[in-house]
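Please examine the sequence and the model shown below. The briefing after it is arranged by topic.

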Amino acid sequence: MSEIDEAADPAALIEAYYDAGWTDGLPVVPPSDASIAATLAAAGLQGHELLGEIPGRNTEVIAEKAAINTVMAGCRPEYMPVVVAAVRSLCDPAFAYHGPASSTGGSAMVLVVNGPIVKRLGINSGNNAFGQGHRPNATIGRAVRLIMMNAMNTRPGFLDRATLGNPGKYSFCFAEHDDDHPWEPLHVSRGLARHESAVTLIASNSLYQVYNQLAATPPPLLLCFADALANMGSPNLKGFNQTLIVFAGEHSDIVRAAKWSRADVQGFLVEHTRRRLADFKRAARIPGAVAAGDETTWRHIFERPDDILIACAGGRAGSWSACLPGWGNKWTRAVTTRIDDAGSSHGRQA
Amino acid sequence: MKLFDPTSKPVERAVALAPRPASPRGLRLGLVDNTKHNSDTLLRKLAERLAARHRMTVTVTNRKRSPSHEVDEAGIAALRAQADLVISGIGD
């Protein structure tokens, strides 16, 4: 740390963080000894504790640095356990951090929060769930990105080689409806208990909103998802992929009314998310000329039903849902980590 | 008021480098294919040129699980045991 003379003017302190190259482009909240201590305490952490590491990049994430960045992002101290769980997900070997963090694809680190902590912190799962207006959504995702930049050396132009990037790289955090859901919540589907809180991390460089106002049954609705996930511009068509689908209110109701299970939806999408080999060749996504048989040879995008993660969020009104294709042909995998908001988080699972 | 540094530097680790070969002639060559498109083709062409110019021989090829993953320990052991020179590092 260092002393600055301009501190009498709060804006000067904010400028000092800009001058040091420590921001994401937005102003940060200057930390203090008290705010850092409170943030660490809220997660039951000591400053020297190791939250995770990326051995191949000689990177270690220390609790004090994570707390500084979390304060800078604008988080309240009680958000810290969620940030810690997200950092542990980033450092899980199954996530294979180097690819999604550094790729030209410029992925957002999408965080889906489940469990009792959602209501306690006021994380938005409803109207405008992906958008602005809610402090925990805006600042928890931002804290994770600031930690990546500052404490994990993942800076644009250096170890972040995003060609375009996307706005979700500033922050992408939302909660799932735990109590307005056709099935069990996402974290329960991934092996945790309903009473537990968890963060699921998936790297995605695209967000497609899926619209359908006429479908009254699941098949026509899900064909729209299948088409969106198999478009020729999608990055991950050549190998099997992982994806996150988010059903919003009216679309959730269609699936619920038809009594389709999560497995029914996943099975339908595994079967129908596909393109002909000829399509791949015409679009030069696979080399070579179109040959006899290519018009009737199908390539599927998904290998297994549980490669399709399904969450429910968003407003009750509107015929919109979304799909967020995962980065990198399953080189990286989504990771769900339990949040222990009485202490540090444990119990990660891929 | 204080300015708190949010950054961490990479952890420094001592790395023992293998001795540099005195001459390129006749070396055993290891190739690390990171699976990027055409990386295998580029490595093969490089190996052909090195064979023609310096009589190098490809003795071991490692194909990584993906560009995101490191060479695993068994792969490192094979490269260490069977190669005098290793070529890696194919980008987009």
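Predicted model: local features only at pLDDT ≥ 70, side-chain atom pairs only at ≥ 80, totals over all residues.

Residues are numbered from 1 along each chain as its sequence is written, chains are lettered from A and ligands numbered from 1 in the order in which they are written, and side-chain values use heavy atoms, with hydrogens and water left out.

**Chain A as a whole**

- Chain A contains 12 helices and 13 strands; helices (H or I, at least four residues) and strands (E, at least two) are DSSP runs, numbered from the N terminus.
- The radius of gyration of chain A is 21 Å, close to the 20 Å that the globule rule gives for 350 residues, so chain A is as compact as a globular protein of that length. This radius is taken over C-alpha atoms, and the globule rule is 2.2 Å times the number of residues to the power 0.38.
- The C-alpha trace of chain A spans about 75 × 45 × 35 Å along its principal axes.
- Of its 350 residues, 55% count as buried; buried means under 20% relative accessible area, exposed over 50%, and partly exposed in between (1.4 Å probe, protein chains only).
- Of the contacts in chain A with a separation of 6 or more, 79% are accounted for by residues 24 or more positions apart; a contact means heavy atoms within 4.5 Å.
- Chain A exposes about 13,700 Å², of which carbon and sulfur atoms supply 54%. Accessible areas come from the Shrake-Rupley method with a 1.4 Å probe, and for residues only the protein chains shown count as cover.
- Chain A has 31 positive and 34 negative charges, whose mean positions are 8 Å apart. Lys and Arg count as positive and Asp and Glu as negative, while His and the chain ends are not counted; the place of a charge is taken as NZ of Lys, CZ of Arg, CG of Asp or CD of Glu.

**Chain B as a whole**

- Chain B has two helices and four strands, which follow the pattern β-β-α-β-α-β along the sequence.
- The radius of gyration of chain B is 17 Å, whereas a compact globule of 92 residues would have one near 12 Å.
- Along its principal axes, the C-alpha trace of chain B spans about 65 × 30 × 25 Å.
- Buried residues make up 34% of the 92 residues in chain B.
- Chain B exposes about 6,300 Å², and 53% of this comes from carbon and sulfur atoms.
- There are 16 positive and 10 negative side chains in chain B, and the centres of the two sets lie 6 Å apart.

**Strands of chain A**

- Strand S8 (residues 243-247) of chain A is mostly covered, since five of its five residues are buried.
- Both faces of S8(A) are covered: A:Thr243, A:Ile245 and A:Phe247 are buried on one side, and A:Leu244 and A:Val246 on the other.
- S8(A) pairs in the parallel sense with strand S11 (residues 308-312) of chain A over five bridges; two strands pair if DSSP finds at least two bridges between them. In S11(A), A:Leu309 stands opposite A:Leu244.
- S8(A) also pairs in the antiparallel sense with strand S12 (residues 320-325) of chain A over four bridges, where A:Leu324 stands opposite A:Leu244.
- Four of the five residues of strand S13 (residues 335-339) of chain A are buried, so S13(A) is largely enclosed by the rest of the structure.
- Strand S6 (residues 197-204) of chain A and S13(A) form an antiparallel pair over five bridges, in which A:Leu201 has A:Val335 as its bridge partner.

**Loop residues of chain A**

- A:Asn241 lies in the loop between helix H9 (218-229) and S8 of chain A, and it counts as buried at 2% relative accessibility. Beyond residues up to four places away in sequence, its contacts include A:Asp307, A:Pro325 and A:Lys330.
- A:Leu207 lies in the loop between S6 and strand S7 (208-211) of chain A and is partly exposed, with a relative accessible area of 38%.
- A:Asn128 has a phi near 60 degrees, a positive value in a residue other than glycine.
- A:Ala284 also is not a glycine, yet has a positive phi of about 55 degrees; A:Ala284 is exposed, with a relative accessible area of 63%.
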